[in-house]
Amino acid sequence: MNRAHWTESAAGRLLDELIAVAGTREVLLLSHDGSLRAHPRSIDRHTALEQASRFAAVQSASRNAAELCGPGSTPWQQSLIEFAGGFVFLLALDETSYLAVSASALADVAVIAFRMHLLVDKLVGETTASAHPDI
C-alpha cells in the first residue's frame, strides 16, 4: 500500500463529497495514532477532534483483533460496526492513515462503503499524480 501525501484542504474537499451521501454523519481522515489529518467543511475542527478520539478507539480495537484472524502479522484493513442508531466504517488508506465514517441507521451501507473505496482511490491517486507530475 502506498503512503498518501495530500494537503488537508485538498483531502477536506474530497471528504465533502462523501459527507453529502444520504445518512452520512461524520467523515474524517485520521492517522493510525488517531490524529486528525482532514475533515469536511461541514464539521468544525473542535467536533472533528472529539470524533477523532472515538474513531481512534474503535480502530485500535480492530487492529488488535487482527490476531483472531490468524497467527503472525495480519494488517488491519477495514471495519464495519453496526449499532441500533447507525454504523461506523473504518477503511485503511495507507500504512499511516485511515478514513472514518459514521452514518445513521437508515443509511445505505453498500453505497457508503462503495463511496469510501472510491474516495480512498482518489486520495491515493492524488498521491500518485503529485509524485509523477509529468504523467
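Colleague: Does Phe-55 count as buried or exposed?

Modeller: Phe-55 counts as buried because its relative accessibility is 4%; buried means under 20% relative accessible area, exposed over 50%, and partly exposed in between, with a 1.4 Å probe and protein chains only. This is a predicted model, in which local features need pLDDT of at least 70 and side-chain atom pairs count only at pLDDT 80 or more, while totals for chains, interfaces and linings use all residues. Residues are numbered from 1 along each chain as its sequence is written, and side-chain values use heavy atoms, with hydrogens and water left out.

Colleague: Where is Phe-55 found, and what is it in contact with?

Modeller: Phe-55 is found in helix α2; helices (H or I, at least four residues) and strands (E, at least two) are DSSP runs, numbered from the N terminus. Leaving aside neighbours within four places in sequence, Phe-55 is in contact (heavy atoms within 4.5 Å) with residues including Glu-26, Leu-28, Leu-30, Val-88 and Tyr-98. Phe-55 and Leu-28 are 27 residues apart in sequence, with 8.9 Å between their C-alpha atoms.

Colleague: What does Gln-51 touch?

Modeller: Gln-51, which also lies in helix α2, touches Glu-26 and Leu-28, not counting residues up to four places away in sequence. Gln-51 counts as buried because its relative accessibility is 17%.

Colleague: On to the strands. How many residues of β1 are buried?

Modeller: Seven of the eight residues in β1 (residues 24–31) are buried, so the strand is largely enclosed by the rest of the structure.

Colleague: Which way do β1 and β5 run, parallel or antiparallel?

Modeller: They run antiparallel, joined by seven bridges; two strands pair if DSSP finds at least two bridges between them. Tyr-98 in β5 is the bridge partner of Leu-30.

Colleague: And how many bridges pair β1 with β2?

Modeller: Two bridges pair β1 with β2 (residues 36–38), again in the antiparallel sense. Leu-29 stands opposite Ala-38 of β2. The hairpin of these strands has four residues between them, and Gly-34 takes a positive phi near 95° there.

Colleague: Changing topic, how many aromatic pairs does the structure hold?

Modeller: The structure holds two aromatic pairs. Trp-76 and Tyr-98 form an edge-to-face pair, 5.8 Å centre to centre with 85° between the planes. Rings of Phe, Tyr and Trp (its six-membered ring) pair if their centres lie within 6.5 Å; planes under 30 degrees apart count as stacked, over 60 as edge-to-face and the rest as tilted.

Colleague: What about Phe-87 and Phe-89?

Modeller: Their ring centres are 6.2 Å apart and their planes are at 40°, so the pair is tilted. Phe-87 counts as buried at 9% relative accessibility, and Phe-89 counts as buried at 4%.

Colleague: Finally, what pattern does the chain follow along the sequence?

Modeller: The chain follows α-β-β-α-β-β-β-α, with three helices and five strands. Buried residues make up 44% of its 135 residues.
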